[in-house]
Amino acid sequence: MSEQNARRPGELFNDEDSNRSDNASFDSVLATRLSRRHVLRGGAGAAVVGSAALAGCATPASPAGPQPVNQLGFTPVARSTADALAVPPGYTAQVLYAGGDPLGADVPAFKNDGTDEQWGKRAGDHHDGIEWFGLDAQNQPSGSFTSRGLLAMNHEATTDEKLSSFFIHANGGTATLPRPAAEIDKELMIHGISVVEVRRDGRRWATQPASPYNRRITTLSEAIFTGPAAGSAHLATKYSPNGTKARGTVNNCGTGKTPWGTLVSGEENWFGYFFRDAQDDARRNDPKITAAFKRYGRNAGAASRHGWESGGSDDRFLRWNTGATGASAREDYRNEFHTFGYVVELDPYNPNTLLTKRTALGRFAHENVSFAKPVQGQPVVAYMGCDARGEYIYKFVSAEKWDPADAHPRNRLAAGDKYLDAGALYVARFNADGSGEWLELSPKNPAISGFKGFDFKTQADVCVFTRLAADAAGATKMDRPEWTGVNPKNGEVYITLTNNSARTEATVDAANPRAYSDMKAGKEQKGNVHGHIVRLAEATPAEAKFRWDIYLFASEADADKASINLSNLSDENDLSSPDGLVFSPATGICWIQTDDGAYTDKTNCMLLAALPGQVGDGGARTVKSGTREVTTHAGKPQTPATLRRFLVGPRGAEITGITETPDGRAIFVNIQHAGENTKMADLGDPAKYESRWPGNAGYGAGQRPRSATVVITKNDGGVIGT
């Protein structure tokens, strides 16, 4: 979720900016050039659609499987501010699964008037990252079945102006403290993860409310810790004195799919859900721990996002007060804050398994996780971003080497234990010459063991206070690293850098080279307003060095081509705030999704299709920001042949999360928080809602906007994008 969608007071918890390290935004000393063995390879009107339209009938995949798409074959969708979902002519989008939809045969249909209950058996709010898990006719996991599967997705957050999740309460809820327990109980259940079975029957897709696979993970679901921090004193709480268990997951943003067939989900902006009073620093009397709280965005005395800690004396409320209120960590929830911020793993095929928090992958504001293609006898490698201003890009390299037999294991979470609980965690440093290093985060690194800001004695310390370890190592501050994706064609890694309002002329560098002004409705916006996408090339995924360039500079089409529109974007493909980024395994198309607040006077958020090249296909570029000039490494300019707009969403919505059937003939896209700028005071007057989607498209009851998953097919049954 991007900072520029953080406009109301309640949304400021997505505007975190806590990196006060002395790390330069860029390593000003040029590193030695990589040796040769490390160097790699030198419209027409849109169709506006809703749930009533029929989906195209998908045809079986060819025996050879889908082929890579080398030419985009659809008409670019025009920018739009309409309260509708637009896709290209020849395509149909069907609303499939919206917030509040039943996940059990005994759950009543969603009334969408704020009176609905049983949220633990309904789709949660704010659909985000999403993954497809195929099921064949014999109820077995399938990598090729295309008409039946499980969709596993995150429910990141909820629309709020001040404290209350007002769309799910009949009267909008309570915007003062203390909050009523009944309201909080609803809000505790709308966050987390859901698994829902979907099937295609003829020309339509439908969820299966009675499926035994359907499942909700919420803020109250039991979870276990694994990896170096499991059992650490840092994780000891009243709920789990030995630090091995936790309750639930919250603010889950991007997802990933492991090589062994499970879901991984990132806990992102969890810090705002917690409270500790103004005296907590003094009670702790531990300057390094209190500094660590601040480094993770939780100052003593700062208000929490929803006031859940005010609901009463039950533990389900008290746990959100992470102050030192008892005699020890075993008698309060002073460490509850430390039990969030991890990559969590779930087996969608087995509803009886627990959520697992993989501490070896570090604790920060996780977006998604993307995996390099596994190679027999080589480590499993995962890439991750920390979504906040001035934060870092990370990589995990497993200690165990990949065994192809684990692609279809009998126990999928045991495979996760094998590959995700031991290994090396790294953070990226970008050099001005286009090279970069992965810096190991371990007490073996003298920069970390000798760090004065925290006592890093064990790997558990590193895994719980990862941001501080990355500060010590000397990582490069980036412009809000969000989703990562691995190009299946060449293994290169793409990372969206959504935007950064704190980027200034004084802090521009080669990897973050733009600081500029942009006008929106007569108001000036400053910083790296529109964001960019960086990409990395490694000799092998486990390599400690990489080469980099900037694949795409997001911009408005009419912006200055010398300092802002460096990718030569046009009306067919201009964009702001790239966020979600997923490569299609079937076609190789790179799907780019936006979560924008800077360009929304001219267009709603969007989904674009790209045919990316490779690192080094452009060249050096000098960029001027005010009086400063920096030289960066830019990919080749874009054209509508290589990048074009595929979808524009309804008003106020972020476009996020995308997955597909194995044949590439159906894609599932999440539309998050339509109408999020509606004022709480206007709840009783639908005419004043920013959006009334998807109800205005014929889906479901009521007029309150809802997050939803849509399925998109080509009317001729062809592969998406061709």
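Let me start with Val 427. Leaving out residues up to four places away in sequence, Val 427 touches Tyr 392, Ile 393, Tyr 394, Glu 437, Trp 438, Leu 439, Leu 441, Ala 470, Ala 473 and Ala 475. Contact here means heavy atoms within 4.5 Å.

Before going on, a word on the source. This is a predicted model, in which local features need pLDDT of at least 70 and side-chain atom pairs count only at pLDDT 80 or more, while totals for chains, interfaces and linings use all residues. Residues are numbered from 1 along each chain as its sequence is written, and side-chain values use heavy atoms, with hydrogens and water left out.

Back to Val 427. Together with Met 384, Tyr 394, Leu 441 and Phe 465, Val 427 is among the residues with the most contacts inside the largest nonpolar core, which has 59 residues. The largest share of this core, five residues, comes from helix H8, residues 466–473. A nonpolar core is a set of buried Ala, Val, Leu, Ile, Met, Phe, Trp, Tyr and Cys residues joined through side-chain atoms within 4.5 Å. Buried means under 20% relative accessible area, exposed over 50%, and partly exposed in between, with a 1.4 Å probe and protein chains only. In soluble globular proteins, nonpolar side chains tend to be buried together.

What about H8 itself? Eight of its eight residues are buried, so H8 is largely enclosed by the rest of the structure. Those buried residues include Arg 467 and Asp 471, along with Leu 468 and Ala 470. After H8 comes Gly 474, with a positive phi near 95°.

There is also a second, separate core of 31 residues, and Val 69, Ile 671, Ile 712 and Ile 720 are included in it.

Now the chain as a whole. How many helices and strands does it have? The count is eight helices and 37 strands. Helices (H or I, at least four residues) and strands (E, at least two) are DSSP runs, numbered from the N terminus. Of the 722 residues in the protein chain, 64% are buried. The C-alpha trace spans about 65 × 60 × 60 Å along its principal axes.

Next, cavities. Rolling a probe the size of a water molecule over the atoms shows where empty space is left. On a 1 Å grid over the protein atoms alone, a cavity is a set of points where a 1.4 Å probe fits but cannot get out, and lining residues have an atom within 4 Å of a point. Grid points are joined across faces, edges and corners, and a volume is the space filled by probe spheres set on the points.

The largest cavity has a volume of about 200 Å³. It has 22 lining residues, and the closest to its centre are Asp 125, Phe 167, Ile 168, Pro 705 and Arg 706. By class, this lining has eight nonpolar, ten polar and four charged residues. For these classes, Ala, Val, Leu, Ile, Met, Phe, Trp, Tyr, Cys and Pro count as nonpolar, Asp, Glu, Lys and Arg as charged, and the others, Gly among them, as polar.

The second largest cavity has a volume of about 40 Å³. Among the residues lining it are Arg 535, Tyr 551, Asp 617 and Lys 636. Its lining divides into three nonpolar, four polar and three charged residues.

Tyr 551 leads us to His 532. These two are 19 residues apart in sequence and 7.7 Å apart in space, C-alpha to C-alpha. His 532 sits in strand E27, residues 532–537. Is His 532 buried or exposed? At 1% relative accessibility, His 532 counts as buried. Its side chain makes a polar contact with the side chain of Asn 528 at 3.1 Å, and the His 532 side chain also reaches the backbone oxygen of Ala 511 at 2.9 Å. A polar contact is a pair of N or O atoms within 3.5 Å; within protein, one must be able to donate a hydrogen and the other to accept it, and residues adjacent in sequence count only if both atoms are side-chain atoms.

Last, the backbone. Most residues other than glycine have a negative phi, and most peptide bonds are trans. Leu 163 is not a glycine, yet has a positive phi of about 70°. The peptide bond joining Leu 177 and Pro 178 is cis, with omega about 0°. Another cis peptide bond runs from Trp 693 to Pro 694, with omega near 5°.

Notes. On a 1 Å grid over the protein atoms alone, a cavity is a set of points where a 1.4 Å probe fits but cannot get out, and a pocket is an open set with protein on both sides within 12 Å along at least five of seven lines; lining residues have an atom within 4 Å of a point.
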